[in-house]
Amino acid sequence: MLNFHWSNTMTISSIFNAQKSNHGVLRARSSQQRIRQLQALRAKLIHSKRDICDAQNKELKTCDMDTEAQLMMLNIEIDFICKHLSRWMKPRRVKNSQATIGKKCYIQYEPKGSVLNISTWNAPIAINIMPIIGALAAGNSAIIKPSELAPHTATVTSEIISAIFPRNQCAVFEGGPEIAQELLNHPFNHIYYTGGHRVGRIVMKAAAENFSDITLEMGGKNPAIIDATAEVSNAALKLAWGRMANAGQVCIGPDYILVDQMVEQSFISAAKAALIRLYNPRGYGFKNCAEFPRLISDSHFERVKGLIDEAISKGAILEFGGEYDAEQRYISPTILSGVSDTMAIMQEEVFGPVMVVIGCENSEQMLSTIKRQHKPLALYIFSKNRSTINYFLHNTSAGSTVVNHNLIQSGTNPNLAFGGVNHSGTGRIGGFQSFLEFSNPRSIVESPLGWRDININFPPYSKIYKKLVAKMLS
């Protein structure tokens with residue numbers, strides 16, 4: 001069993017430099033060599049399923065099925081990339097323009113070089129590994145910095161990576177913020193970060209120092225819209241699952257729900273029934289439900305509880321739930337209505353098991369509420385009215401959108417790119433986009449020699465060339 005707890009600059013620098021010296025070797029590897037390593041990674045992940053499940057249960061009290069869903073996402077990604085990598089790596093011919101007639105034009109995808117993945121804790125094995133799949137497929141070296149809030153998964157990740165990859169190709173650095181800061185002092189070619197805005201700004205500034213490419217996945221306040229034509233019970237069931245999945249600690253989870261006032265009360269009633277159906281079907285209590293996890297830390301528990309308490313103190317209505325146990329970091333599935341912009345719960349991402357329901361008079365009021373927030377990572381529309389669906393699709397911006405469902409767009413289809421917009425993130429991964437995100441699409445033009453090497457654009461400019469330019473501009 002190999003665990004690497006490097007905490008000094010010299011060791012970080014030695015691994016970084018060893019990887020940098022290995023870039024030529026990694027770049028020269030064939031698609032089949034890269035595919036064999038990815039398949040070995042997949043086999044190791046599946047072989048380590050019990051260790052991964054146990055680790056995440058210690059951290060979040062997640063059930064095996066929720067952890068296995070993360071492994072399924074990784075399996076889908078690896079399978080898709082392995083099927084297509086040989087074709088992606090080949091130079092891609094492009095059409096000539098009038099200015100490049102007679103020349104050979106193509107795009108060659110080359111690895112960027114050194115990749116750093118600073119991961120987070122809410123789906124730790126998926127977020128530790130998912131970006132690395134694309135990075136390694138593209139021929140890069142990689143370093144993973146797992147979240148210190150998920151230390152058990154960090155150790156398992158280290159064991160998995162060290163069993164498959166030499167350290168001069170891929171390595172894991174466990175530890176706290178001081179390790180992340182030391183890593184950020186190095187000139188990585190690409191930095192991938194998942195987490196909140198505060199650290200996201202630190203990462204972005206560090207990337208700017210070295211002109212590093214960067215991918216940020218930072219979540220945000222994702223709205224769900226329910227108009228008067230929606231199937232209310234269906235929407236309530238799906239949103240109850242989407243909001244309470246991982247105890248609300250999901251970056252694409254619906255953060256607040258805008259409901260047409262005509263169906264607001266029926267939605268709240270249906271949501272209460274849905275929560276009981278999903279997480280307390282036998283009446284043993286939400287606290288005893290194996291499928292309902294805990295919050296990650298004491299500070300996160302206090303933050304979410306504080307948001308609920310502050311909202312209620314300012315006039316929000318506690319429609320359901322509100323029970324908690326600080327020792328277990330447990331907050332029961334909770335529904336709040338009567339929420340306003342003046343409350344902190346509408347000013348920051350909740351990331352907890354709270355359904356925030358806001359009644360609206362019409363679509364215009366819903367849109368106004370959405371536009372007061374930053375562009376979200378995800379947006380959800382529940383409606384049977386095509387005009388309403390198009391209205392929100394055409395007048396909002398989001399990293400992804402799902403109609404009449406939620407949470408089904410991420411990690412389920414490698415043909416769909418995943419990422420945010422501005423405050424919710426930059427860059428995309430998923431399938432070919434994962435390969436592309438960590439590749440430099442190098443434009444190449446090859447000019448012939450001999451009688452085909454015509455250079456009529458050199459001065460002194462001929463009448464023929466002047467006529468040709470005039471024709472193109474006309």
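Is glutamate 148 buried, partly exposed or exposed? Glutamate 148 is partly exposed, and its relative accessible area is 38%. Before I go on, please keep in mind that this is a predicted model.

Glutamate 148 has a partner. Lysine 145 makes a salt bridge with glutamate 148, and their closest N and O atoms are 3.2 Å apart. Lysine 145 is buried, with a relative accessible area of 3%. The cut-off for buried is under 20%.

Next, the salt bridges in general. The count is 16. Another one is between the side chains of lysine 305 and aspartate 309, at 2.7 Å from N to O. These two residues sit in helix α12, which covers residues 298-313, and they are 4 residues apart, about one turn of the helix. Lysine 305 counts as buried at 16% relative accessibility, and aspartate 309 as partly exposed at 36%.

What about a salt bridge between parts that lie apart in sequence? Arginine 27 and glutamate 110 meet through their side chains at 3.0 Å, N to O. Arginine 27 belongs to helix α2, residues 23-28, and glutamate 110 to strand β2, so this pair ties together parts that are 83 residues apart in sequence. Arginine 27 is partly exposed, at 38% relative accessible area, while glutamate 110 is buried, at 11%. Arg442 comes in as well: Arg27, Glu110 and Arg442 are linked in a network of salt bridges.

Strand β2 takes us to the sheet. Three strands form an open sheet in the order β1-β2-β18, with antiparallel pairing. The edge strands are β1, residues 92-93, and β18, residues 439-446, and each of them pairs on one side only.

The largest nonpolar core has 68 residues. Those with the most contacts inside it include Ile226, Ile252, Phe267 and Met355. Helix α11, residues 264-279, gives the most to this core, with 7 residues. A second, separate core has 38 residues, among them Ile52, Phe80, Trp88 and Val115.

Last, a look at one residue of the largest core. Which residues does isoleucine 252 contact, leaving aside its neighbours within four places in sequence? They are Asn222, Leu377, Ala378, Tyr380, Leu407, Gln409, Ser410 and Phe418.

Conventions. Residues numbered from 1 in each chain as written. Predicted model: local features only at pLDDT ≥ 70, side-chain atom pairs only at ≥ 80, totals over all residues. Heavy atoms only, no water. Core = buried A, V, L, I, M, F, W, Y, C linked by side-chain atoms within 4.5 Å. Buried < 20%, exposed > 50% of the residue type's maximum accessible area, 1.4 Å probe, protein only. Contact = heavy atoms within 4.5 Å. Pairing = 2+ DSSP bridges. Salt bridge = Lys/Arg side-chain N within 4 Å of Asp/Glu carboxyl O.
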